[in-house]
Amino acid sequence: MYELILLALILPIVTGALSLLQTRPAALRTVNLLGSTAVTGVLFTMIYRITQENVYSTEFFYVDHLSAVMLFVVALLTFTATLFSLPYMEKEVKDGSISELMLSRYYALFNLFSFAMISVLIVGNLGLMWVAVEGTTLASALLVAFYFNRDALEAAWKYVMICTVGICLALFGTMILYYAQATAGGAGYALNWLALRGIAAQLDPAVVKIAFIFILIGYGTKAGLAPMHTWLPDAHSQAPSPISGLLSGALLSCALYVLVRNVIIVQAVIGAEYPQYLLLGVGGLSVLIAIPFVLAQHDVKRLLAYSSVEHMGIITLGLGVGTPLAIYAALLHIVNHAVAKSALFYMAGTITQEYKTKNIRQIRGVISVMPLVATMFIVSILAITGSPPFNIFISEFMIIMSLFANQQGVLGGMTLLLLAAIFAGMMRYSLKMGFGIAPAGMGRVEVAAPAMTAMGVSAAILIAGGIYLPPLANSVLLQAAKIVLGG
Amino acid sequence: MELLTILLLLAAILQTRVSNLRLAINIVLVQSVIVAMACVIIGIQTHEVHMFIAALLTSAIKVGIIPFALYRLLPYLHEEREIVGREIVKANFSTFMTLLSIILSYGLISPNLPGVAVASTLPAAVSLTLIGLFFIMMRRQAVMQIIGLITMENGLYLFGLSITQGLPLIIEMGIFLDVLVAVVVLVILTYRLKLSLESTDTSLLKKLKG
């Protein structure tokens, strides 16, 4: 296991360094395809090993089933994003949006970003997790600013400022948690997650309560939870589309993961009620706040970004209910949302690249320009809005069911209403984009095979996941839910 | 130690009156020097090698590289300065908030918390963090916001130092690395802002909405 962890950390760095040395597009393509395949292979092996050995823990590293769920998300998404990047970024060069020299910088930053996300998931120390989460912000900041135009700079500035200040508050909370640990006599294993869980009963509840507020605000900012979500639509809409997919699917999930790790400790100290009410409140607010922006939106990528805020809210609601079913559903929803939203960003990227605009009103008749992409786009929109028989329906249904089953009927009813509104808003825009008459001069367009594969794989998982969940995945999710519940 | 704390807060109050970018960087540099000196003093008191390494890292990164990067940025930003004169009320408000956060921190934090390493600097650390936060919110110049972020980070660092004698070294090194990279990224962004907007006034950044 130790070798696998080292490989998972070293491979992205090596791939990134090699990318910096290359300038020919063909060589870059080969290096990154091979590198990304290798990383994904290593991560999948790691997940398989976890299902065999349950836990792996050393002084600095810690992986269990909860990490495995997130590792799956990161492994799948970095692979599809690389696959999609290959033709997408080359076309950006051809269209003159970026110079050929910037291509190698793109891949170097991309791999640095993967490295940071993988390290979030495999370190077993809340302090190091903080370092890694801040690392993801910094690695992705220059990717958000990648086009270096006015809008991209604005988005990147807000992204770094808001997330760094937010994450500073999380550090404040983490320091307070360490203080609680030190006064309880556990200073030897500073902020080690396992050690903290072990001595949870001796921590001072009042101190931990204060710490949790700061930790929730800090990591909640990074996870795009309202009202700290303001950076998210800007960053997601201005980044190159493969990066938008990664930000929304993988990065937000990583931030939630760290929040969950902290919640597990806090629950063990002060009981579940206090963190659960806070989570329910923040989650409900996130779903609510996304509504007006989804209903009246002009930018297709911002539309998808606000849908991410909504889904992070739904996941947080699931975590807030805190029953085994709700936690299971929330974890499943993280995976489902990551697959669906990354696919949607790839498709939106393909469409906006052809139409040369992100304005929804100017995109018409995609079905006659790119029939397959348009079909998949509408299917994925159906999936992300929670229609059966797709995977998101299953997890969303379970979360809302558990809301009703646990005296949160009002919140559940409100969420259902809001989801119906979001369904209406997103369907309206996507159908208008999909059908209608394409602008004059737009003929049939062939989409490159790697991009098609990336979108096809994600769409296939969307559809298959609604009908069938492999027993292995089910058991990993069950175990992970047990860990979140403190088992 | 008490003298250092007073100097630190004095520097923070002074910072709210400054509109010249170079002067602001000088002040934040002094602030970082004081934090490094606090590390050394705690190191001498507790005989922990860890503290001396932390002092060294603080001097190298926050007194050395970060101000250097900011000074390097200045020639590109000629004529850029924080507009305080026009909105003197805002500067006064900023000073007021700074004083308020100092009073609140000293008023609300009990000096008798159990197990605190250095109780005397704890309120100063909390107020420095708050001052940094207010500074980011009040100022519009990109460089000023970076300085606010460094102030906030200094406050956090001092907080860790006074409450638990700092975090374990490996985590602290990670934090230093993050701060360094954050400032470098922000300096790159500021430079690019100047290139494409011909200004580093962040209040111009309000195009993305809805």
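What distance should the 14 residues of helix H19 of chain A span, and how far apart are its end C-alpha atoms?

**View 1. Length of helix H19 of chain A in the predicted model.** Helix H19 of chain A comprises residues 471–484. After H19(A) comes A:Gly486, which has a positive phi, near 100°.

**View 2. Buried and exposed residues of H19(A).** The buried residues of this helix are A:Val476, A:Leu477, A:Ala480, A:Ala481, A:Ile483 and A:Val484. Viewed down the axis of H19(A), these buried residues fall within an arc of 155° and therefore line one face of the helix. In an α-helix there are 3.6 residues a turn, so residues three or four places apart point the same way. Exposed residues on the other side of H19(A) are A:Pro471, A:Asn474 and A:Ser475.

**View 3. Packing partners of H19(A).** Within chain A, the buried residues of H19(A) pack against helix H2 (25–53), helix H3 (65–95), helix H10 (241–270) and helix H13 (324–355).

**View 4. The side of chain B that touches chain A.** Contacts join 34 residues of chain B with 34 residues of chain A. At least two residues of this side of chain B come from each of helix H5 (122–138), helix H6 (142–164) and helix H7 (169–197) of chain B. H7(B) gives the most, with 13 residues. By class, the side of chain B that touches chain A has 21 nonpolar, 9 polar and 4 charged residues.

Key: Residues numbered from 1 in each chain as written. Chains lettered and ligands numbered in written order. Predicted model: local features only at pLDDT ≥ 70, side-chain atom pairs only at ≥ 80, totals over all residues. Helix = DSSP H or I, 4+ residues; strand = E, 2+ residues; numbered from the N terminus. Expected span 1.5 Å × (residues − 1). Buried ≥ 20, exposed ≤ 12 C-beta atoms within 10 Å, placed from the backbone. Arc of directions from axis to C-beta. Contact = placed C-beta atoms within 7 Å. Nonpolar A, V, L, I, M, F, W, Y, C, P; charged D, E, K, R; others polar.
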